[in-house]
Amino acid sequence: MELATNEAYEKMLDHIFAKIQRGRSGRGERMITVTPEVMHDRRQTVILNYRSVAESMNREPAHLARFIFKESGKPGIIDGERLVISGIIGEEELAKLLQLYHREFIKCPVCGGIDTKIVAEKRFRFLVCEICGAKSPVRKI
Ligand SMILES: [Zn+2]
């Protein structure tokens with residue numbers, strides 16, 4: 001397995017995440033504080049610092065992982081600190097998935113704040129905002 005980092009790639013990644021961080025997400029400066037370190041081989045994608053990435057987004061690693069598996073259509077497992085995905089997810093695709101996850105499961109649709117948590121009630125899930133108190137339904141994944 002070869003570490004897929006070179007200067008051009010790192011620049012691109014910096015660019016993508018800088019763009020996400022500058023996005024219109026209210027107090028979004030804390031959105032992603034840990035940049036994923038991604039490795040590929042022929043058949044799989046490994047995010048080396050996955051657990052830190054999920055925790056920096058203040059979400060359960062298992063929840064974000066289910067989202068990535070579901071949206072990409074590729075299965076995988078959490079292996080300690082790493083996320084191992086069967087199949088190739090490019091850096092841009094991964095950044096896009098994280099952006100979608102942020103929009104759906106982190107950002108409060110009412111005030112745009114990101115101090116939120118996911119609360120389960122019976123078979124429903126809600127995104128509860130700790131800033132404005134809004135409670136917005138989210139899908140179960
Ligand atoms: Zn809110």
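Tutor: Gladly! Let us begin with what counts as an element: helices (H or I, at least four residues) and strands (E, at least two) are DSSP runs, numbered from the N terminus. In this predicted model, lysine 122 lies in the loop between two such runs, β5 and β6.

Student: Where is asparagine 58, and what is its phi near?

Tutor: Asparagine 58 sits in the loop between α2 (50-56) and α3 (61-72). Its phi is near 60 degrees, again positive in a residue other than glycine.

Student: Why is asparagine 58 called partly exposed?

Tutor: Buried needs 20 or more other C-beta atoms within 10 Å, exposed needs 12 or fewer, and partly exposed is in between. Asparagine 58 has 14, so it is partly exposed.

Student: And how do you know whether alanine 95 is buried or exposed?

Tutor: The cut-off for buried is 20 or more. Alanine 95 has 21 other C-beta atoms within 10 Å, so it is buried. This alanine is found in helix α4 (residues 91-105). Proline 36 is 59 residues away from alanine 95 in sequence, with 8.9 Å between their C-alpha atoms. Across the chain of 141 residues, 21% count as buried.

Student: Which pattern does the chain follow along the sequence?

Tutor: The pattern is α-β-β-α-α-β-β-α-β-β-β, with four helices and seven strands in the chain.

Student: What makes β1 and β3 edge strands?

Tutor: They belong to an open antiparallel sheet of four strands in the order β1-β2-β4-β3. Strands β1 (38-40) and β3 (76-79) each pair on one side only, and are its edges. The twist of this sheet averages 20 degrees from one strand to the next. Helix α3 lies across β3 and β4, running at about 155 degrees to β3.

Student: How do you know that β2 and β4 pair, and over how many bridges?

Tutor: Pairing requires at least two bridges found by DSSP. Strand β2 (residues 44-47) and strand β4 (residues 82-86) have four, in the antiparallel sense, so they pair. One of the bridges links isoleucine 47 to leucine 83 in β4.

Student: What is the strand order of the three-stranded sheet, and which are its edge strands?

Tutor: This open sheet runs β5-β6-β7 with antiparallel pairing. Its edges are β5 (116-121) and β7 (135-138), each pairing on one side only. Neighbouring strands here are turned by 35 degrees against each other on average, direction ignored. Strand β6 (residues 124-129) pairs with β7 over four bridges, and valine 128 has lysine 135 in β7 as its bridge partner.

Student: Where does pLDDT stay under 50?

Tutor: Over residues 22-29, for which the model has 14 contacts beyond four places in sequence. Where pLDDT is low, the predicted coordinates should not be read in detail. For the chain, the mean pLDDT is 86, and 77% of the residues reach 70 or more.

Note on methods: Residues are numbered from 1 along each chain as its sequence is written. This is a predicted model: local features need pLDDT of at least 70, side-chain atom pairs count only at pLDDT 80 or more; totals for chains, interfaces and linings use all residues. Axes are lines fitted to C-alpha atoms, for helices over the stretch in contact, and angles run from 0 to 180 degrees between N-to-C directions. pLDDT is the predictor's confidence in each residue, from 0 to 100. Two residues are in contact if their C-beta atoms, placed from the backbone, lie within 7 Å.
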